[in-house]
Amino acid sequence: MRSGRRIRQRPDPGGYDVSRTCFHCGETIAKDVALSACVNGGEQPVCCIGCQAAAEWIGTLGLGDYYRLRNTTAERAVEAADYSAWDRPQLQRLYVRNAADGSAEVCVLVEGLRCAACSWLIDRALRDLPGVRTVEVNPGARRVRIVWARSDIALSEILHRLAQLGYVPHPRNAQALDALDQREARAALKRLVVAGLGMMQAMMYAVTLYAGAFEGIDPATRDFFRWIGLLVTTPVVVYAAQPFFIGAWRELRTRALGMDTTIALAIALIYLASLYETVVGGAQVYFDSASMFVFLLLGGRYLEMRARRRAADVVDALARLQPVLAQRRRADGALETIGVHELEAGDIVIVAEGAAMPADGMLLGMACEVDESLLTGESVPRARYRGEALIAGSVVRSGPVEMRVAHIGADTVLSSIVRLIERAQIQRPHAAVLGDRFAARFVAGVLVLTALTAAAWLYVDPSRAFAASLAVLVVACPCAFALSVPVAYLRAASALARIGVLMPKAEALEKLTRIDRVVFDKTGTLTRDRLELVGVEIAGKRSVNECLRIAAALEYGNAHPFAAAIREAVPGERSILKAEALRTFAGAGIEGRIAGHRYRIGRADFALALSGGTTDDDNVIVLADEHGALAHLRVRETLREEAATAIVALRAQGLAVAMLSGDSDARALAIAVRLNITDFRSRAKPEAKLRALEQWRRLGSVVAMVGDGVNDAPVLAGADVAIALGGGTQLAQSSADLVLASDRLDAIPAARELALTTLRVLRQNLYWAVAYNFASIPLAAFGLVPPWLAAIGMSVSSLFVVLNSLRIAPPHISTEQVSATATVAAEAVPA
Amino acid sequence: MNIILVLIPLSLILLAAGIWAFFWGVNHAQFDDLDTPALIPLADDPPPIAARNEDDAAP
């Protein structure tokens, strides 16, 4: 047996040698284990491979001092937990998204991840693994996003490494998140109330003491009140202030100074000094300051936590949409209930009314109504017909629905939306990173300054040294500074999500405020990819209704946009006549026979060939019989209902609006006229569009390009801010800065307004924090600020920042903007 | 003045009782959702699912 020098041979009945304990976790080491870890240049016995790895790894990081500093042993490194299940494809499908280049992405909820130091530790630990490409840690949401190469490393190894550090990883699962959030929220509320009640009591007794100091008080009564004050403050410091001490301990352990260090130091100093004064019957106690300090800080943290949770709410609401079980139809026709993760593409599932779709798929039944409100913000149920796509998470309003599964788990639209929001939350904006770095340096400076103040006062007037240095410590806590950026950004992200705008890149907000030109793509962006019938001119003796019914009969079953527009104009299928001998002439039109007469519909030259004669309008289709034209049907592209209002709103914000179109001059002009856009280019290929963007940018414009996320991706990449429309499976791959998941253009002006507000709030927060700290520190150092006032000042500055950030609210988008053109169209076609 | 020797401990006992009651409430989910319960009485009861199915007469 190794390391016999440390063993007092005293085997216990269980076969364990109690004297030989693990260097890392402190547990006894089984006799037959002869492992050791090399830490700080010495061999240390460990109990298992997990602890060996943890100890050696911490040692190689140069953090070996951790073992000297710690006062409790670490969690036993979780070698026992088996993460290999996560390598099973059935499970991975739910949580892991695979990219084409062989990399995969997962979002992990990490227990015990609390502060910047933890995130640094995790970041360092995972980045060292071969095959891990990206690690993004979000301490606010306690989540880690990991991108790794499938060929180089398995997910289980990554999770294992996290567990080795003592952080328990949970690949994202909405239910686990719930429980954790709930525990955290409850604990915070309890602490807040304990601190609040304690503070009230302590202040009451403090008032007595202050009054006594002026009016005269019998020392016995005074001491009685001090002991009572101590009694009510102790739970506040010991229980309510725990998060600060734990945070300070973490910061010390990782040698990353942060706010918690100053806070914990101040609380401990105030409390211990008061305790000492109480015991020896000294001059002054500060129990009221201590409890108020804790209460106000906890209040700030509580508000921050609420803001954070509200931002995370959107994600959770989306994630929770996905059901856990599904009803699958077996080959023999019987139904079986299985876990959603067992579904495969091609399976047929039955979804009951009121239930949510377990996967993306295709409708097999005739028709159904689904509620996709969480994806689109549209609360009116949408009708879906046979063969159309159904989205996971949407709720069946009329059912049951039978569908064929197309995408499952992480490949569904819902999952990609959730991932987009999460990515936006995890990516910390540049300003936040700078803020953290500044805070760490600032804390070091504050500690030095406190020491200097104490030294100076000890020299000048020792009786005031303690109060003055305490005031410096309290007043200079850079909480407000550290809070200002993350709170504002989190608020903005959740507000944006509420108006259906996702922000995959955190810098998008900043860039959005600087744009001065918005360029729209035409097809699919300003217009929907379908046509609408705007007018019927009668050329023969038939009535409008008759003509439409004939036209619809001819176009029945045709997939051309023209056909769809005409069919839409005829209400109900019952009035459609039966056409025979239908023949489609590609690029020209359709010929058919109804009740013995030959009819043609299509381009003028084709339709009128039956009778002779022609017209040359691009947007007119002609219905004709053997004797001549019956009607001219005028169609045009359907504008998005909200396009006009969005453009007006953007102009009102002082932005130039332009349009790029690959379509013909006439079509582009028609749309430009309807939307009052003077600056447009037609017949522009993607390269031409890119060139146009470059030209604008060369002239000093900051350009936002709005386009279809997939088709316009290359053009979007050439803009300063890329705004992609549309939910779709490709959503996650799009390189857009902003994604309009609601598919509404009027979200753009709203988002810009929100961005402007956010930046304004952010600036106010930073100015306030800097001004406050720089103004108050000298005052405190010269002894002009008593500790209780310093506590109020510091907490008020943090509260100011949080409350100010809460002003960032989702802007209101009116839903009644049915554009005038749509009404006109409806009137032009008599039903 | 000796009355405070009774009253203050009494107030502390009441305080402790109050905190205990609050903790009990928190642990029994009384504070988890402060918004929704207020709206529950205002919402209509959903119609029975069976009745709706007949109306729709799904194909």
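Which residue follows H8(A), and is its phi positive or negative? Hold that thought while I set things up. This is a predicted model, where local features need pLDDT of at least 70, side-chain atom pairs count only at pLDDT 80 or more, and totals for chains, interfaces and linings use all residues. Residues are numbered from 1 along each chain as its sequence is written, with chains lettered from A and ligands numbered from 1 in the order in which they are written.

Okay, the answer: A:Arg255 follows H8(A), and its phi is positive, near 55°. Helices here are DSSP runs of H or I with at least four residues, strands are E runs with at least two, and both are numbered from the N terminus.

H8 itself covers residues 242-253 of chain A; at 1.5 Å a residue its 12 residues should span 16 Å, and the end C-alpha atoms are 16 Å apart, so that agrees. The expected span, by the way, is 1.5 Å times one less than the number of residues. Buried in H8(A) are A:Phe244, A:Gly247, A:Ala248, A:Arg250 and A:Glu251, buried meaning 20 or more other C-beta atoms within 10 Å of a residue's own, with C-beta atoms placed from the backbone. They cover an arc of only 160° around the axis, which puts them on the same side of H8(A); that arc is taken over the directions from the helix axis to the C-beta atoms.

Now the hairpin: E25(A) and E26(A), with 2 residues between them. The strands, residues 620-625 and 628-639, run antiparallel and are joined by 6 bridges; pairing takes at least two DSSP bridges. A:Val622 stands opposite A:His632.

Terms used
A residue is buried if 20 or more other C-beta atoms lie within 10 Å of its own, exposed if 12 or fewer, and partly exposed in between; C-beta atoms are placed from the backbone.
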